[in-house]
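Hi everyone, thanks for making time. I'd like to walk you through one model today, so please have a look at it with me.

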Amino acid sequence: MARPQSHRALACLSLLILLLLPGATAASYSSLCRSPAPAPDLPRDHYRSRITRRALPQISTGHFSGERNLHFAPDQSGIPRSFSFYTRRSARTTDPAVLHLSATLTLLGTHWRRYDRLYSVSFDLEGYYSTATSPAELCMVGSGSYAREDGFGVVVLPDVMLRLHVPHPSNLTHPFVTGRLEGAEFGVVTLVAYANGDYEFGDTASCTAPPGPVRDAPQVRHVKFLRHRVKALLRGSYSVEYGLGGHAASGFPLQPRHQRMYFNQVRCTRNATRLRAYMVFETDNTSAVRRYNYTVQLPDGLSVGDEALVAEGVWNQSRREFCLRACRVVRSGPSRADLAVRECGIGVSIWFPTVWSVRDRSVVAGMIWNTSRTSNSDTGKTSGVISLSRTGSYSDYISYIKYNYTRVEEAKKHYIPKPVLSNEKKGRFPGNYSYQDFAFGFYRKKHGFYGYASPVTIGSALVQGDRLMADAAFYGNWTSEMKKHWLMNVSYDLQFHVPYLNSSADISHRMFRKKPISAEGVYDTTTGSMVMVACQAVENNGSSDCEILVTAQFAPLDAEATERVMGTISSLRKQSDPLFFEAQDFYAEGMYMVHIAVENSRMDMERIMLVISMTLSCVFTALQLRHVRKHPEALQATSITMLAVLAVGYAVPLVLNLEAMLTDDSRDNNKHFVRLTSAGSLELNEFMLRFSTMLAFVLQLRFLQLALSRRHTGRRRQTSRGLVIRPREEHALDMPAAVPPRRRPGYAGLVLDGFLLPQVVWNAFAGSKVRALSPWFYAGGSAVRAAPHVYDVFRRHNYVPSWAASYVYASPRDDLFGVAWDVAVPCGAALLAALLFLQQRLGGAFLCCVGSRRPGEYEMASTVSS
């Protein structure tokens, strides 16, 4: 999905293309724009005041519809269509009400052939903006361009005219900027945007009260917490519920067919006491979520839905809510962008509940009603009322919320106490370590759905919301409450996802396609058992099924089973009841936080050991280079195969991790080379982990280059003396050999473990007594290769293997590990190092029956022909 940065980058690129284009023939202003009338620019020294940004028409993101031959995807597919208008230059004219402007208009969407990419068309325009009329009028002419599909060159769109009508100031009945973009190449494009800049609030002091009681819980006491947070609090997808069994009162402007609503645009004054908004309703759930997700990533984007309202209002301190007056937005023409405001007899009330229960956990709640019809005289019930609610959390607001348990006693009736575990097992169930142990993703045993269970409260601690606040609430309340009660009150939210549902699906399967489940009950800290009574909305009119039982059994913290939670969701109703469903068993996999902490500690240790081992390899190779500098004859006696194997061994992890090293990730842990976390663990990013390996690789290449150069120089010197060098068996061992294909990664590590073997064999055949390798190099290198196996023994005895463990050091992907290999590899490495030590002092063939030769001795053959 696109990010706002992508939009700015595309706009800049489009502007650059326009600036680099050769002068395109464009029609004159007077031939396309009849008004406003052009006026001469004033000299700069005649400017009486600076032109403020608020005085200029600025549109961050609007919506466009229509066009042909511009290759945009259909209006309701891909990323929603949007446009932006930015003034590049402004000048006052001899007419005080007219400004001379240069601007860029950019159309943004997806290409009709590529729905996964942003596509833009930009226009370079010049014209005049007049505030003498109401609404203000803008007319500009110019040319546009877009990139060709083949990527070579651009397509120029000459003789383009833009006309906008800008409310000045905007108000409830005139909240939109509307206009048209015309060109011979693409026809007419209709434009609409929610007006920025000055706004004139109407008389909202007489905002009517909502019909009947709207809430039972006390609300926030003041508006201070709302300042600078209103947008974040209101933005989100709201569920919509209709009164009177889903049938709206006659004459109510919105029909009961919408399932979701969201605030697409929100503007408020600095003190957050006045608010105006654009509210969009969607019929299809998927469409609503899709459009809301786009709106989140494209801030202030205008979405054109099936139904919409524009509203304005004030914060009512006595009722502690936003009281809004709203008007219906209707389509005024054939285009989706042709919008007009009608029917303003609509009331909207928005408040922020501070007491949650199993039936209501709304972060934001509200009502919409027809102010002309508030009650049904026949039934005495409220009619034409729409209820709004948005669940979730917001860190700055969550501290105001208190939870009221109402179904705990009923849940206890279904709880069957289990035998208390022995003293050795007490406290080994989730609870002591982290509240996050109570959250889990679950799966249906017979397939069909999956979901996520997140705790809302544990005891008196509210743990839904910001992690730091949840940690503080948990640690501040859990320990003290656990000492007093072994049966703790808990509440949960259970979200379901059913990937596929056909017409023959059973009723229990269909049940989980509906709204989330809210549950509360008790958790036994001594046995890990949980029993909760739950509620689920079953109709679109606010009714709920609260006869649902949720049971769960947590595994002990020291259990080795992969299933962390086993549970059941069942109905408490009789089998003949229409809302009855068959019991659904589920399970959850994963690790407890205490295990995750242990895993993190182990991986921190492995990161440090990896860096230390590679650093030691660098030191040992540097000492070897120093050794060959003092003893040049050592280079010719060094096995090329050994050096090639070592170089390849260093290169493989670098190649495999090259992308991770070079990727500019935005995550915080990759912005720093070394970071100490809040938990006290050391984190190294991928570049820092592999830097020592890279340095070891470079040093090893230098060693290999020196050896090859020395070998080539020595042979050329022998040939120049009229001799042919016929080294015995040298070609079989010392030529750089390709690494054989790996059947499994561990074998490559085994080859590296025996890196001294080519040198030992070469010494044996050549009978060399030259001290080719420094003790630091062969003894230290053997220790570095044996260290992972020694650590593997320690790891197996001190860490419980995880079902999804990952390794940084001593990874089974890089070498062969196990009881046998952990003994054989260190012993083999030590044996090769000992043999090499003896060869370099007693001669390479001291264990063989081959006669000893002097170092560097060759058989000579005359080159004189007969």
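Searching the whole structure for aromatic pairs turns up 29; rings of Phe, Tyr and Trp (its six-membered ring) pair if their centres lie within 6.5 Å, with planes under 30 degrees apart counted as stacked, over 60 as edge-to-face and the rest as tilted. Before I go on: this is a predicted model, where local features need pLDDT of at least 70, side-chain atom pairs count only at pLDDT 80 or more, and totals for chains, interfaces and linings use all residues. Residues are numbered from 1 along each chain as its sequence is written, and side-chain values use heavy atoms, leaving out hydrogens and water.

Take Phe176 and Tyr278: their ring centres are 5.8 Å apart and the planes are at 90°, so we call the pair edge-to-face. This pair links distant parts of the chain, 102 residues apart, with Phe176 in strand β7 (residues 176–183) and Tyr278 in strand β11 (residues 274–282). Strands (E, at least two residues) and helices (H or I, at least four) are DSSP runs, numbered from the N terminus. Both Phe176 and Tyr278 are buried, and buried means under 20% relative accessible area, exposed over 50%, partly exposed in between (1.4 Å probe, protein chains only).

Tyr199 and Phe201 also make an edge-to-face pair, because their centres lie 4.9 Å apart with planes at 70°. Are these two buried or exposed? Tyr199 counts as buried at 16% relative accessibility, while Phe201, at 22%, is partly exposed.

There is an aromatic cluster too, formed by Phe438, Phe440, Phe442, Tyr492, Phe496, Tyr523, Phe554 and Phe586.

Now the nonpolar core, meaning buried Ala, Val, Leu, Ile, Met, Phe, Trp, Tyr and Cys residues joined through side-chain atoms within 4.5 Å. In the largest one, with 39 residues, Met642, Phe703, Leu756, Leu773 and Phe777 touch the most other members. Which helix gives the largest share of this core? That is α10, with eight residues. Leaving aside residues up to four places away in sequence, Met642 touches Phe755, Leu756, Pro758, Gln759, Leu773 and Phe777, a contact being heavy atoms within 4.5 Å.

Finally, confidence. The chain's mean pLDDT (the predictor's confidence in each residue, from 0 to 100) is 76, and 70% of the residues reach 70 or more. Over residues 286–299 pLDDT stays under 50, and the model has 31 contacts beyond four places in sequence for them. Where pLDDT is low, the predicted coordinates should not be read in detail.
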